[in-house]
Amino acid sequence: YLWLYQTNFGNYGYFFDSFSHYTQPMYNFISSQGLRMFFAQGQDTNASGFSGTNFNALKAYLNAKLSWDSTLDQTTLMSRFFKAVYGRADKIMWKYYTALRSFNYDMLMKNPPLINSRSIYNKVANRSYMPLASLRSLVAIIDEAQTYITRDYYSEEEYNLYKYHIEAEALFP
């Protein structure tokens, strides 16, 4: 049995980058160990039903797919997810996802107490960890993604869904 964590329990809205750890090779390894139960606790498993952002839904999606079949290609799964969740803005939202991961990495590297503890309880909602210019650049990518979602291209229902999914990612910055 294996119970792991993939969120910051002190701040559910914060982007917590567990994507470097929950990878196809990890699923292959745990599969080869005869695992009988695997649980990755995160925002998507919060009892209140709040699932956080779509990147947390991506974690749940990858957990489900790769736990079931660890031979699936993670890049293909992620590409499908981004197209389904963000529509024509999938490539811009991929840019946002990689920017968030870079932001998170830089924050950890520039603040040794955070990287040394690498705790799911780190107090990261701190102005000294998050330069305003970085947060603004993240918001600018969200704004760019919104321009790809137009009523001319989508039905009203699709438009609202994609718009909502993109806006949900702005929760962190």
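Mentor: What follows starts from a pair of strands and then moves on to the residues and helices around the chain. The model is a predicted one, in which local features need pLDDT of at least 70 and side-chain atom pairs count only at pLDDT 80 or more, while totals for chains, interfaces and linings use all residues. Residues are numbered from 1 along each chain as its sequence is written, and side-chain values use heavy atoms, with hydrogens and water left out.

Let us begin with strand 1 (residues 2-5) and strand 2, which run parallel and are joined by 4 bridges; two strands count as paired if DSSP finds at least two bridges between them. Helices (H or I, at least four residues) and strands (E, at least two) are DSSP runs, numbered from the N terminus. Within this pairing, Leu-2 has Phe-38 of strand 2 as its bridge partner, and Trp-3 stands opposite Phe-39 in strand 2.

In a regular strand the side chains alternate between the two faces of the sheet.

Together with helix 1 (residues 24-32), strand 1 and strand 2 make a right-handed β-α-β unit; the crossover is right-handed if, with the strands pointing away from the viewer, the path from the first strand over the helix to the second runs clockwise. Pro-25 is found in helix 1, and with a relative accessible area of 56% Pro-25 is exposed. The C-alpha atoms of Pro-25 and Ala-168 are separated by 29 Å, the two residues being 143 residues apart along the chain.

The loop between strand 1 and helix 1 holds Ser-18, which is buried, with a relative accessible area of 3%. Leaving aside its neighbours within four places in sequence, Ser-18 is in contact with Gln-6 and Lys-59, where contact means heavy atoms within 4.5 Å.

From here we can turn to helix 4, where Asn-104 is found. Asn-104 is buried, with a relative accessible area of 5%, and, not counting residues up to four places away in sequence, Asn-104 touches Tyr-14, Phe-15 and Asp-17.

At 13% relative accessibility, Met-130 counts as buried.

Finally, helix 4 has a helix contact: Met-78, Phe-82, Lys-83 and Tyr-86 in helix 3 meet Asp-90, Met-93, Trp-94 and Tyr-97 in helix 4.

Terms used: Buried < 20%, exposed > 50% of the residue type's maximum accessible area, 1.4 Å probe, protein only.
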